[in-house]
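Me: I would like to learn how to read a few local features from a model. Can we go through them one at a time?

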Amino acid sequence: MHSVKTGSLLKFNYHSQYRIIVHKTWKPIHIFHLNSKRPNLLFELNFSKFCYTQQSPNKHSKFHTSPRRHFDPTVWPIIRNVLKGTGIISGRGFRQWWQSLPDKKRRYFFHSARKKRHELILLITLLGCCFYVYHWKHLQVAPVSGRERFIAFTDYQFEKIMEFNAQKLCANLKEKFLPANHLYYDVVLNTLNVLINANQDISEVKDIKWTVAIVDNPAVNAIVLPTGHIFVDRGLMEFVHDVDQLAFVLAHEMSHAILKHTAENLSRLQLVDYLVISTMTALWALMPNDGIAIVFHWFLNKVVNVLLDLPYSRFLESEADKVGLELAAKACYDIRCGTVFWTMMSFAEQLEGRSKPEWLSTHPSSFKRAELFDCLIHKYTHVRHECKCPPLPEVDPRGILHDLKVKVDNYVTARKTRARIERLKIPLPDHDKDHLNRSLTVDRNKGRDFSVKVGILPGVKDPDASGDMQEMNELNDQSMENNIEERVINSTSTEQNKKVNK
């Protein structure tokens, strides 16, 4: 060990294998020789000491005099609203100032702008180049799909956003969590464990600590956050008819987390906000009065939503459908059940009268999603074969769809023409009746080998099974009675008969 006093000139070779530590006191400098095949020296600076450590020659060393500062993206909505307000005020102020100018002064400004048009074009070009470089520097390749996309946030920023959202969502839903001994937890946990074990080749799946909670909510929905938090609504468990449909829905939601669609969408919205704010400022400056500016402002927001936001959201949903189908195929689930699920969703939308044009929706229509899955079945059947999965069952679950479609069409027609509901009573073939008798309570995952990768979310109550036995039995009976045929045909038959009799 050598000793050098603080303040003296110290020279060393870039490829030196010495560790140099300079304390910010009058203590001597200690130089330590590293007896290792790969010298790795650390560089750090704080208020108490100054340490220099050299990286290997083929890597870039980075000098930081203080901890890195990251912009908190959660404040962007506030900044966006402030910028929009500033743009409106600035544009309106410019219009009033311009209208107050005499004609001679206006002609002078027009003449000056025409003389300096080359400088203005150069400035606009430079701004466009800066925007292009900024966009290019933030391009990332999406896992699984391999698509290039723009991500404006760092991993640290996105992690903070998702942690904040997860904490907020857990706090809002905590009172609605079903107890940990509910019968649905075994089915969901086993399905998720099979999916995650079969996709360990994807780092985004392998590195996340997954936790699940079932929410007492009648909506047919599930939420999977990139933090690993999984929220499954009770309505989804009552809607799906077997674990294959459940696996597909969970794989679809997991795909959103794996592909970081939230970060991608937020990044794209940030770019769109820049475009909207600049256009909005120009509108308020050019319109002759506030009334016309307000109308154009409203019209601009609608155009941006219909032409930019909604199509991109539908694109992300379609990508999650494809990746989710691949995850389910690798886990050896029946990929034909994805078509069944979306067709049943389409039937439910028709019966409930809540279908709307696709171009006004954030999601593709359920019918088009079912068609997409039919087109992809052949491709992902080969994926199942490559993963050495057993052959698909001989009975095609899609066989029930034709008869159910006839029933739904007849019901919709009867509801419109006030015809009698008895016209809907069309018998189903025997193999379709067998399929309808399947239930989530018959968990086919129990015979499959997998390691436990998913746990129950902390905060979910775990009461004694004996204390809630009566309630569990009631929920079990309710889930067993939830039949697709009853849900499609007999949901409002009594009310329809009363209307017809009147």
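Me: Leaving aside its neighbours within four places in sequence, which residues is Arg-268 in contact with?
Reply: Keep in mind that this is a predicted model. Contact means heavy atoms within 4.5 Å. By that criterion, Arg-268 touches Leu-308, Asp-309 and Tyr-312, once neighbours within four places in sequence are set aside. Arg-268 itself belongs to helix H9, residues 261–286.

Me: Is Arg-268 buried or exposed?
Reply: Buried means under 20% relative accessible area. Arg-268 has 12%, so the residue counts as buried.

Me: With which side chain does the side chain of Arg-268 make a polar contact?
Reply: The partner is the side chain of Asp-309, at 3.1 Å.

Me: Now a strand. How many residues of S10 are buried?
Reply: Five of the five residues in S10 (229–233) are buried, and the strand is mostly covered.

Me: Which strands pair with S10, and in what sense?
Reply: Strand S8 (residues 210–215) pairs with S10 in the parallel sense over five bridges; Val-215 has Asp-233 as its bridge partner. Strand S9 (residues 222–224) runs antiparallel to S10, with three bridges, and Val-224 stands opposite Ile-230.

Me: Which residue in the hairpin of S9 and S10 takes a positive phi?
Reply: Gly-228 does, with phi near 100 degrees; the hairpin has four residues between the strands.

Me: Last, the surface. Which residues form a nonpolar patch there?
Reply: Val-75, Ile-78, Ile-79, Val-82 and Leu-83 do, with about 380 Å² of accessible area together. Of these, Val-82 is found in helix H1, residues 76–100.

Note on methods
Residues are numbered from 1 along each chain as its sequence is written. This is a predicted model: local features need pLDDT of at least 70, side-chain atom pairs count only at pLDDT 80 or more; totals for chains, interfaces and linings use all residues. Side-chain values use heavy atoms; hydrogens and water are left out. Patches are made of residues with over 30% relative accessible area and no salt bridge: like charges are joined within 9 Å, nonpolar side chains (Val, Leu, Ile, Met, Phe, Trp, Tyr) within 5 Å. Accessible areas come from the Shrake-Rupley method with a 1.4 Å probe; for residues, only the protein chains shown count as cover. A salt bridge is a side-chain nitrogen of Lys or Arg within 4 Å of a carboxyl oxygen of Asp or Glu. Helices (H or I, at least four residues) and strands (E, at least two) are DSSP runs, numbered from the N terminus. Buried means under 20% relative accessible area, exposed over 50%, partly exposed in between (1.4 Å probe, protein chains only). A polar contact is a pair of N or O atoms within 3.5 Å; within protein, one must be able to donate a hydrogen and the other to accept it, and residues adjacent in sequence count only if both atoms are side-chain atoms. Two strands pair if DSSP finds at least two bridges between them.
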